[in-house]
Amino acid sequence: MTDGTLPARGGSAPKVAFFNDPKVRSLIFQGLALALLVFVIYSAASNAVTNLTNQRIAGGFGFLDKTAGFGISQTLIPWAESMSYGRAFVIGLLNTLLVAVVGIFFATILGFIVGVARLSPNWVISKIAYWYVEIIRNLPLLFQILFWYLAVLAAMPTPRNSYSLFGLFFANQRGITVPKPVFEAGSGVIGIALIVGIIAAFVVRHWARKRQAETGQQFPVFVTMSGLILGLPILAYLAAGMPVSFDYAQQGRFNLAGGMTLIPEFVALTLALVAYTAAFIGEIVRAGIQAVSHGQTEAGRSLGLAEGRILNLIVIPQALRVIIPPLTSQYLNLTKNSSLAVGIGYPDMVSVGGTILNQTGQAMEIIGMWMACYLTISIVTSIFMNWYNSRIALVER
């Protein structure tokens with residue numbers, strides 16, 4: 001019986017037709033796909049250049065050096081209307097990063113609390129967490145932003161009748177006023193001490209884990225890390241002569257004087273993003289905890305560990321391997337969802353960039369800058385989270 005293919009002389013393998021070679025076909029199809037992609041990009045670019053030329057709009061990024069001429073309600077770096085469009089865009093980018101960092105921090109804490117509460121044996125706590133998740137995650141995010149901005153913060157009293165908390169924090173229609181730190185000469189030592197404390201805390205944590213794996217002896221890691229991170233800056237603060245003070249707000253007859261005011265747009269956007277994202281993180285945490293075998297919990301109880309110790313030492317470390325990948329997606333979503341700030345006028349990257357676009361008409365350049373910034377932020381976040389995920393992954397023995 002033969003299959004119709006004559007063997008080559010000398011016992012060599014039969015020759016295969018050029019196009020029937022899978023590797024050759026793969027290269028050909030990939031080349032055609034790449035050529036099609038290049039053609040589409042070239043056509044789109046040529047069409048854009050032609051349209052811009054017909055509308056007498058000059059291309060390029062030279063407009064970034066021109067005077068902006070508009071105000072920005074929140075700036076982390078000095079700003080004046082006589083400064084350039086480029087600096088205005090950087091301010092918008094910094095405002096976006098501020099919302100993203102603050103939002104991710106508080107959403108993670110609240111999400112873990114909600115996720116653990118969902119599994120609480122206490123019926124009231126469990127149901128509160130359940131209805132929080134079901135209500136918050138099923139309401140549109142823009143609606144929640146507008147709710148906080150229009151229904152909560154806009155309903156606050158005037159500065160003259162501000163709500164006060166311990167005479168340190170004030171809430172009114174203009175935002176939330178908090179004590180403003182004033183850094184004097186020598187305050188840099190405190191920052192250095194903080195960095196040293198954080199590094200030392202992670203070194204101690206690594207040493208304690210290695211010691212426990214080798215000897216089984218536990219070390220008070222949390223107390224030691226807290227002492228290093230908080231204690232060293234406090235000692236540096238005292239040793240440097242207390243170079244950091246606070247400017248407290250004073251309530252006058254018609255207004256507040258002093259302090260630092262968080263504008264209502266920032267507060268509303270941050271609260272909405274934290275509440276919305278925490279609802280999804282809570283479900284991720286709940287699923288991660290339930291993915292851990294119940295036998296692990298029983299083993300911890302048989303060793304006489306308290307429920308809190310079982311959760312911290314056994315359940316959460318194993319659940320993190322399930323939690324981290326979808327948690328990364330929620331961090332990316334929070335960062336990108338911050339672009340909804342344009343709905344309430346918060347000067348984020350999209351809002352400031354939109355103002356620049358309206359004044360200059362440089363649509364292609366502004367959109368390209370948005371894409372580049374969001375892509376960079378997303379890639380950096382993903383790289384960090386993937387690195388952390390690889391650190392906690394199970395190592396086969």
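A note to myself before I start: a crossing is called right-handed if the near helix is turned clockwise from the far one by less than a right angle, and left-handed if anticlockwise. I also keep in mind that this is a predicted model.

**Entry 1: α7 with α9**

I began with α7 (residues 264-291) and α9 (307-337). By the definition above, α7 passes α9 in a right-handed crossing. Their axes come within 8 Å and cross at roughly 155°. Angles over 145 degrees count as roughly antiparallel, and α7 and α9 are therefore roughly antiparallel to each other.

Next I listed who touches whom. From α7 I noted L273, Y276, T277, F280, I281, I284, V285, G288, I289 and A291, which meet V315, I316, A319, V322, I323, P326, L327, Q330, Y331, L334 and N337 of α9. Sorting the residues of this contact by class gave me 17 nonpolar, 4 polar and no charged.

**Entry 2: α4 with α7**

I stayed with α7 and turned to its contact with α4. The axes of α4 (residues 141-153) and α7 come within 9 Å and cross at roughly 135°. That angle makes α4 oblique to α7. I found this crossing to be right-handed.

On the α4 side I wrote down L141, Q144, I145, W148, Y149 and L153; on the α7 side, P264, E265, V267, A268, L269, L271, A272, L273, A275 and Y276. The tally for this contact is 14 nonpolar, 1 polar and 1 charged.

**Entry 3: the second largest pocket**

Which helices each supply at least two residues of the lining of the second largest pocket? I got α7, α8 (294-302) and α9. The biggest share comes from α9, with 4 residues.

The pocket has a volume of about 400 Å³. I counted 15 lining residues, and L119, I289, T297, L311 and V315 lie nearest the centre. Two of these names were already in my notes: I289 of α7 and V315 of α9 belong to the contact in Entry 1.

**Entry 4: α2 with α10**

Last, I looked up α2 (residues 85-118) and α10 (residues 349-360), whose axes come within 7 Å and cross at roughly 155°. That makes α2 roughly antiparallel to α10.

For α2 I listed Y85, A88, F89, G92, L93 and T96, and for α10 M349, V352, G353, I356, Q359 and T360. My class count for this contact came to 7 nonpolar, 5 polar and no charged.

Technical notes: Residues numbered from 1 in each chain as written. Predicted model: local features only at pLDDT ≥ 70, side-chain atom pairs only at ≥ 80, totals over all residues. Heavy atoms only, no water. Axes fitted to C-alpha atoms, helices over the stretch in contact; angles between N-to-C directions. Parallel < 35°, antiparallel > 145°, perpendicular 65-115°, else oblique. Contact = heavy atoms within 4.5 Å. Nonpolar A, V, L, I, M, F, W, Y, C, P; charged D, E, K, R; others polar. 1 Å grid on protein atoms, 1.4 Å probe; cavity = no way out; pocket = protein on both sides within 12 Å on 5 of 7 lines; lining within 4 Å. Points joined across faces, edges and corners; volume = space filled by probe spheres on them.
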